[in-house]
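Please have a look at the chain before going on.

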Amino acid sequence: MNLSGTGNESDGADLYALYREREFTDVYERYADDIYRLCFSFMKNHMDAEDAVQETFLKFYYSEKKFESEKHQKAWLIVTASNYCKDILKQHWRKRRSIEQLPVTAGVEEPLVDEMMELILGLPDKYKLAVYLYYYEGYDSSEIAKMLKKPPSTVRTYLQKARKLLKEQLI
């Protein structure tokens, strides 16, 4: 029997853990597909994209960051995922062989990607990310600029150059 009148302290910790688990699950269910598409645009194969999604959500889970809104939370996840993908792609072991040189794993199919997405995947990273955020996620250039820590004019230039490259490939 607890004579202090404060109740069982472990109950409060259990409630907090349950709240955090529910919050994490809600965020994961809401944004996992978007983050996967972003990671796939960088990694170009589903296994590496899934790993990147997992790492992104692990960072979110262990983060103590407080978000101003759902939009801010989604932007944080997008930037975290893109930074993780860029870091992985910079690693020495990834530069030694391209994924196309590796043997195909039996029974593993790549997701279907339409022709336009194939062209977008072939863009340089800075253009690819701007195009993805603008056309697929619906952010405007000033929002993208904040996420990428670039001036809005730079983001607009990225979009313009990406459109030009895509147009040249389509002709």
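This is a predicted model: local features need pLDDT of at least 70, side-chain atom pairs count only at pLDDT 80 or more; totals for chains, interfaces and linings use all residues.

Residues are numbered from 1 along each chain as its sequence is written, and side-chain values use heavy atoms, with hydrogens and water left out.

**Whole chain**

- The chain has 8 helices and 0 strands, where helices (H or I, at least four residues) and strands (E, at least two) are DSSP runs numbered from the N terminus.
- Of the 171 residues in the chain, 35% are buried; buried means under 20% relative accessible area, exposed means over 50%, and partly exposed lies in between (1.4 Å probe, protein chains only).
- Among contacts (heavy atoms within 4.5 Å) between residues at least 6 apart in sequence, 65% join residues at least 24 apart.

**The nonpolar patch**

- Met116, Tyr134, Tyr135, Tyr136 and Leu170 make a nonpolar surface patch of about 470 Å².
- Patches are made of residues with over 30% relative accessible area and no salt bridge, with like charges joined within 9 Å and nonpolar side chains (Val, Leu, Ile, Met, Phe, Trp, Tyr) within 5 Å; a salt bridge is a side-chain nitrogen of Lys or Arg within 4 Å of a carboxyl oxygen of Asp or Glu.
- Helix 6 (residues 125-136) gives the most to this patch, with 3 residues.
- Met116, in helix 5 (residues 115-121), counts as partly exposed because its relative accessibility is 34%.
- Leu170 belongs to helix 8 (residues 152-170) and is partly exposed, at 48% relative accessible area.
- Not counting residues up to four places away in sequence, Leu170 touches Glu115, Met116 and Leu119.
- Leu170 and Leu119 are 51 residues apart in sequence, yet 8.7 Å apart in space, C-alpha to C-alpha.

**Helix 6 and what comes after**

- The 12 residues of helix 6 should span 16 Å at 1.5 Å a residue, and the end C-alpha atoms are 15 Å apart, which agrees; the expected span is 1.5 Å times one less than the number of residues.
- Buried residues in helix 6 include Tyr127, Leu129, Val131 and Leu133.
- Gly138, which follows helix 6, has a positive phi near 80 degrees.
- Ser141, in helix 7 (residues 141-148), is buried because its relative accessible area is 14%.
- Tyr134, Pro152, Val155 and Arg156 are touched by Ser141, not counting residues up to four places away in sequence.

Methods:
Accessible areas come from the Shrake-Rupley method with a 1.4 Å probe; for residues, only the protein chains shown count as cover.
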